[in-house]
Each structure stands twice: as C-alpha cells, then as structure tokens.
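I opened this structure for a first look. My notes follow in the order I made them.

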Amino acid sequence: EDAPAKGAAQDILAFMHYRYEIEEDCLMVSSQRSVTTLSSDADRCCQQLYIYELQVAQNEATRRKGLGKHMLLLAEMIAKKSGMSGVMLTCQRANAAAQAFYTSCKYAVDNISPGKCDPSAEADEYDYEIFSKVWDPEARSVLDKRAEVAMKANMEGGGAKMKAEFGNREGHMDTSRNKLLP
C-alpha cells in the first residue's frame with residue numbers, strides 16, 4: 001500500500017491513558033510529570049501505574065496482531081522505569097473478551113476489586129473489576145492489607161463504609177482527594 005501523503009489524516013490504531021498513583025495515600029503524579037524522589041520507602045511500595053483507558057481499533061489491520069499486548073508491555077516498561085511497583089486497570093464486567101485478554105497477559109482480578117472485597121454487594125452494584133500485575137512483593141502485601149480493611153468495613157457496614165473511605169469508583173478511580181507531587 002502507498003504511504004499516506006504528508007499531512008494527511010491517519011486513523012489512530014491505539015490509545016492509552018494512564019497516571020501514576022499511590023493506592024494507600026492517594027498520592028499521584030500525572031503522566032506528564034516525572035517522578036524524581038518520594039518521601040519514604042513506604043510511599044514507594046504503594047505506587048502503581050493505573051491505566052484508565054486502553055483502546056485498540058477494531059479492524060482487520062489491528063485485530064489480533066498483538067497491538068493491545070504491546071500497549072500493555074509499554075505501560076509495564078514505563079512503570080518499571082519510573083520505579084512503580086505494578087500496573088492496575090479497570091475493566092467492565094460485561095467485557096468478557098477484555099477480561100480474557102488481561103488474564104492472558106498475566107493480570108488478575110485484584111483483591112481490592114469490589115467483586116472480591118465487598119461480599120454484601122448486589123450482583124449488579126459494581127459493573128467493573130480492578131485487574132493488576134504487581135511485581136513488588138511489599139506492594140502486594142500493602143494492597144492485600146488494604147483489601148482486608150475494605151472487606152472488614154464492608155462486612156460491618158454493608159459496603160457503605162468502603163464507599164465513604166475510598167470513594168465510589170463507578171468504573172474509574174476517584175481522584176478528587178489526590179495531591180500532586182512537587
């Protein structure tokens with residue numbers, strides 16, 4: 001095929017929106033800023049690159065060619081180079097194909113996902129799951145402890161305590177309490 005003329009419009013084949021976040025302290029840095037230092041090792045262990053959106057064009061030129069996997073690998077490389085402890089993302093429960101894709105890329109439903117830590121939830125109360133790939137064992141421990149706290153709060157308060165503490169995510173992270181790093 002001939003290359004498009006210089007300046008001609010081209011289709012976007014893939015798109016990813018991510019942010020650096022700290023799950024425990026809700027501290028984050030947007031993807032447009034660089035991380036230089038953090039206040040303590042405890043802060044570092046909670047850092048995650050959070051993928052808010054990953055889209056791949058659904059056409060013959062892109063379908064099943066490894067572009068989605070390539071985008072995930074880029075996110076993981078960026079996370080590792082930035083000192084993050086893992087990658088997290090949100091996936092709609094209704095999107096079985098995406099869930100199977102993330103699982104095939106060695107992501108798993110995280111213990112902090114509402115489907116795991118809110119046993120009192122109605123079947124349709126949460127329409128998403130949180131997937132993660134965490135390579136830092138200390139960070140995994142911190143996230144699992146957070147899931148235990150959320151589970152306990154949910155068992156005591158029927159989910160209301162967790163929503164008050166962590167926010168109603170409705171398919172994405174609630175970033176209203178986040179602070180930018182200097």
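I began with the lining of the largest pocket: its residues divide into 14 nonpolar, 10 polar and five charged. I count Ala, Val, Leu, Ile, Met, Phe, Trp, Tyr, Cys and Pro as nonpolar, Asp, Glu, Lys and Arg as charged, and the others, Gly among them, as polar. This is a predicted model, where local features need pLDDT of at least 70 and side-chain atom pairs count only at pLDDT 80 or more, while totals for chains, interfaces and linings use all residues. Residues are numbered from 1 along each chain as its sequence is written, and side-chain values use heavy atoms, with hydrogens and water left out.

The lining has 29 residues. Val 56, Gln 58, Ala 97, Ala 98 and Phe 101 lie nearest the pocket centre. I looked up the volume too: the largest pocket holds about 830 Å³ of space. A pocket here is an open set of points on a 1 Å grid over the protein atoms alone, where a 1.4 Å probe fits, with protein on both sides within 12 Å along at least five of seven lines; lining residues have an atom within 4 Å of a point. Grid points are joined across faces, edges and corners, and the volume is the space filled by probe spheres set on the points.

Which elements supply at least two residues each of this lining? I found strand 3 (47-56), helix 2 (67-81), strand 4 (86-92) and helix 3 (96-104).

**The chain as a whole**

I then stepped back. The protein chain has six helices and seven strands. Helices (H or I, at least four residues) and strands (E, at least two) are DSSP runs, numbered from the N terminus. Their order from the N terminus is β-β-α-β-α-β-α-β-α-β-α-α-β.

Of the 182 residues in the protein chain, 40% are buried. Buried means under 20% relative accessible area, exposed over 50%, partly exposed in between (1.4 Å probe, protein chains only). The chain exposes about 10,800 Å², and carbon and sulfur atoms supply 52% of that. Those areas come from the Shrake-Rupley method with a 1.4 Å probe.

I checked contacts next, meaning heavy atoms within 4.5 Å. Among those in the protein chain with a separation of 6 or more, 72% join residues 24 or more positions apart.

**The cores**

The largest nonpolar core has 19 residues. Leu 49, Ile 51, Leu 72, Leu 89, Tyr 102 and Tyr 107 have the most contacts inside it. Such a core is a set of buried Ala, Val, Leu, Ile, Met, Phe, Trp, Tyr and Cys residues joined through side-chain atoms within 4.5 Å. Strand 1 (14-22), strand 3, helix 2, strand 4 and helix 3 each supply at least two residues of this core. Helix 2 gives the largest share, four residues. Apart from this core lies another, of nine residues, including Tyr 52, Met 88, Tyr 126 and Ala 147.

Leu 89 touches, among others, Tyr 50, Glu 129 and Ile 130, leaving out residues up to four places away in sequence. Tyr 107 sits in the loop between helix 3 and strand 5. Is Tyr 107 buried or exposed? I noted a relative accessible area of 2%, so Tyr 107 is buried. Its contacts beyond four places in sequence include Glu 76, Val 87, Ser 132 and Lys 133.

**Single residues**

Lys 106 lies in the loop between helix 3 and strand 5 (108-109). Its phi is near 70°, a positive value in a residue other than glycine. Most residues other than glycine have a negative phi. Lys 106 is exposed, at 67% relative accessible area.

Gly 68 is in helix 2. I found Gly 68 buried, because its relative accessible area is 13%. Not counting residues up to four places away, Gly 68 touches Leu 54, Val 56 and Phe 101.

Gly 115 is in helix 4 (residues 114-117). I noted Gly 115 as partly exposed, at 41% relative accessibility. Beyond four places in sequence, Gly 115 contacts Arg 93 and Glu 129.

My last entry is Asn 59, in the loop between strand 3 and helix 2. Asn 59 is partly exposed, at 29% relative accessibility. Its C-alpha atom is 9.1 Å from that of Leu 13, 46 residues apart along the chain.
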